[in-house]
Amino acid sequence: MSIPKTMTAIAVERTQAGAKLIPIQLPTPEPGPGQILIKVKSAGINRADLLQVQGHHPPPAGAPATPGLEAAGVVARVGANVSGWKDGDQISALLPGGGYAEYAIASEPCCLYVPKNVSLLDAGGLPEVYFTVWSNVFDAARLQPNETFLVHGGSSGIGTAAIQLMAARGHRVFTTAGSADKCDACAKLGAERAVNYKTEDFVEIVKAATNGKGVDVILDMVGGDYVMKNLNALARRGRLINIAYQKGAKAEVDFRIVQAKLLMLGATGLRGRPDSEKGEIRDALKREAWPLFDSGRLKPVTYRVFPLAEAGAAHHLMQESSHIGKILLEA
Ligand SMILES: NC(=O)c1ccc[n+]([C@@H]2O[C@H](COP(=O)([O-])OP(=O)(O)OC[C@H]3O[C@@H](n4cnc5c(N)ncnc54)[C@H](OP(=O)(O)O)[C@@H]3O)[C@@H](O)[C@H]2O)c1
């Protein structure tokens with residue numbers, strides 16, 4: 001494949017009026033040992049990218065300044081010691097950054113094949129949410145067969161993935177979302193009950209639906225006063241995992257309920273973890289989740305696709321939060 005010396009990538013320009021996303025020309029990166037150069041077809045937008053633009057979620061050491069935590073495309077070149085991929089293969093990858101570009105570098109342990117029933121375009125929105133959901137729900141919270149599950153923000157990229165995956169694995173799934181339309185969409189994806197958090201109380205609803213027992217695992221991206229509500233909504237020996245704190249990282253918690261119900265609380269981040277840990281998550285997804293895409297049981301939920309140069313408009317849409325599922329950039 002002929003690879004141009006320069007490529008279009010999206011840069012964050014900071015001015016006194018605020019931060020802007022603008023297309024610029026950069027040298028096309030070279031894959032080092034264990035790395036793969038991807039000719040990007042699509043890159044997923046993630047809420048963490050909005051935080052990065054605001055200066056709150058800096059790239060880890062060695063990662064490109066260009067935003068973009070995931071992409072799908074075609075292998076353009078492989079670095080030394082890459083064994084599983086060759087030029088022209090379709091590929092999707094979790095990235096430490098750099099997805100908003102015509103070419104991006106991925107580490108081999110973070111790469112997955114594009115499933116049979118998924119277009120190359122849609123595949124760019126799968127890695128970040130599925131790596132996050134799998135590692136939190138199964139590795140951290142250890143959801144067991146027949147246990148019940150609640151994910152907040154059911155219409156988010158994360159939520160649409162979590163609902164589908166847990167429903168496909170036979171769990172009863174509860175979720176919260178901020179409108180009737182979003183709740184309908186969550187129910188269609190497999191949620192037994194989607195709670196409109198603006199008009200309903202999720203603690204009461206999940207307790208009533210579980211005969212007063214509560215749910216076994218909660219995946220939360222809200223924080224703030226949801227922390228205490230989550231503890232009330234958990235069953236004995238329940239586990240709460242936080243992946244974000246949109247309503248605030250500080251909360252007043254009565255730890256007596258944690259002790260009385262033998263609860264476990266945790267929180268994780270994905271971006272800064274070593275490739276060896278990401279590779280273990282990749283292996284689990286390849287074994288457990290990607291075959292469910294191959295068979296059509298899981299489906300990508302793409303809300304809207306913007307051209308790469310319109311990354312700013314894509315961020316604006318996510319900020320408004322009217323979307324259901326993933327927003328993508330097409331390179
Ligand atoms: N720790 C990690 O490794 C990790 C990895 C990936 C993502 N994340 C985090 O996970 C979250 C989702 O990411 P994403 O990219 O999928 O973003 P997204 O699509 O923009 O989702 C954000 C969601 O939060 C919901 N939300 C806000 N306030 C809520 C509330 N009070 N109750 C219920 N839902 C509420 C929004 O729904 P409404 O508009 O209806 O309110 C929206 O669906 C983000 O906060 C992101 O930073 C963390």
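By class, how many nonpolar, polar and charged residues does the lining of the largest cavity have?

Modeller: Keep in mind that this is a predicted model. By class, the lining has six nonpolar, four polar and two charged residues. As for the space itself, the structure holds one cavity of 30 Å³ or more, and the largest cavity has about 50 Å³ in it. If you want to find the spot, look for Gly-125, Leu-126, Val-129, Tyr-130, Gly-157, Thr-160, Ala-161, Gln-164, Lys-299, Pro-300, Val-301 and Lys-326, which line the cavity. Two elements, H3 and H4, each give two or more residues to that lining, and H4 gives the most, with four.

Now for how those two helices sit. H3 covers residues 127-140 and H4 covers residues 157-168. They pack at an angle of about 55°, with their axes 9 Å apart, so H3 and H4 are oblique to each other. Their crossing is right-handed. On the H3 side, the contact is made by Val-129, Tyr-130, Thr-132, Val-133, Trp-134, Val-137 and Phe-138. H4 brings Gly-157, Ile-158, Ala-161, Ala-162, Gln-164, Leu-165 and Met-166. Sorted by class, the residues of this contact come to eleven nonpolar, three polar and no charged.

How values were computed. Residues numbered from 1 in each chain as written. Predicted model: local features only at pLDDT ≥ 70, side-chain atom pairs only at ≥ 80, totals over all residues. Heavy atoms only, no water. Axes fitted to C-alpha atoms, helices over the stretch in contact; angles between N-to-C directions. Parallel < 35°, antiparallel > 145°, perpendicular 65-115°, else oblique. Left-handed = near helix turned anticlockwise from the far one by under 90°. Contact = heavy atoms within 4.5 Å. Nonpolar A, V, L, I, M, F, W, Y, C, P; charged D, E, K, R; others polar. 1 Å grid on protein atoms, 1.4 Å probe; cavity = no way out; pocket = protein on both sides within 12 Å on 5 of 7 lines; lining within 4 Å. Points joined across faces, edges and corners; volume = space filled by probe spheres on them.
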